[in-house]
Amino acid sequence: RVFYPKTLERMDEWYSNRPDLSPRPSNGVGTVQSGWMTKKGGHRVTSWRKRFFVLDASGRLSYFAGVTEAEAGQSLGVVRMKHVLFVTKRQDDDQGAWPQAVKREVCVYMVTEQRNYHLYCDSVSEADHWLAALQR
């Protein structure tokens with residue numbers, strides 16, 4: 001059975017009743033934003049994969065293969081927002097790093113001390129919501 005909450009409040013409610021499965025620290029920190037984005041692989045891997053992301057109020061952006069893995073707390077990676085230097089929409093001069101069919105308006109570019117993250121959403125409104133949450 002796949003769990004996909006319709007609202008962030010329902011996700012927090014579900015996790016509060018199942019602390020053993022929470023992808024967040026068990027200190028009661030709530031979810032700021034969650035949902036699907038497509039992420040470019042790091043290092044030498046240049047494939048693009050859809051991932052389920054959870055940003056919590058403590059500043060952890062965790063990503064998972066899917067919602068089931070998020071429920072089980074099996075993250076593929078965590079970005080601590082305190083290490084993010086900046087987050088912005090895709091810049092025109094960075095076109096070579098993105099798939100040609102992806103519009104600039106749905107892309108989120110995040111630079112950390114360790115690496116750069118190329119992400120894109122399915123819609124402009126999703127990208128705007130993620131950008132606002134990540135820039136807090």
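In strand β7, His118 is the bridge partner of Tyr109. Strands are DSSP runs of E with at least two residues, and helices are runs of H or I with at least four, numbered from the N terminus. The model is predicted: local features need pLDDT of at least 70, side-chain atom pairs count only at pLDDT 80 or more, and totals for chains, interfaces and linings use all residues. Residues are numbered from 1 along each chain as its sequence is written, and side-chain values use heavy atoms, with hydrogens and water left out.

Tyr109 also stands opposite Thr88. Strand β5 (residues 84–89) is antiparallel to β6 and joined to it by five bridges. Strand β7 (residues 116–120) also runs antiparallel to β6, again over five bridges. Two strands count as paired if DSSP finds at least two bridges between them. Three residues separate β6 from β7 in a hairpin.

Burial is defined as under 20% relative accessible area, with exposed over 50% and partly exposed in between (1.4 Å probe, protein chains only). Six of the six residues of β6 (residues 107–112) are buried, so this strand is largely enclosed by the rest of the structure. Cys107, Tyr109 and Val111 are buried on one side, and Val108, Met110 and Thr112 on the other.

The seven strands form an open sheet in the order β4-β3-β2-β1-β7-β6-β5, with antiparallel pairing. Strands β4 (77–80) and β5 lie at the edges, each pairing on one side only. From one strand to the next, the twist averages 30 degrees. Elsewhere in the sheet, four bridges link the antiparallel strands β2 (residues 48–56) and β3 (residues 60–64). Phe52 has Phe64 in β3 as its bridge partner. Helix α3 (residues 124–134) packs on the sheet and touches β1 (31–40), β2, β3, β5 and β6. The direction of α3 makes about 120 degrees with that of β1. Axes are lines fitted to C-alpha atoms, for helices over the stretch in contact, and angles run from 0 to 180 degrees between N-to-C directions.

Overall, the protein chain holds three helices and seven strands. Their order from the N terminus is α-β-β-β-α-β-β-β-β-α. Of the 136 residues, 47% are buried. Among contacts (heavy atoms within 4.5 Å) with a separation of 6 or more, 44% join residues 24 or more positions apart.
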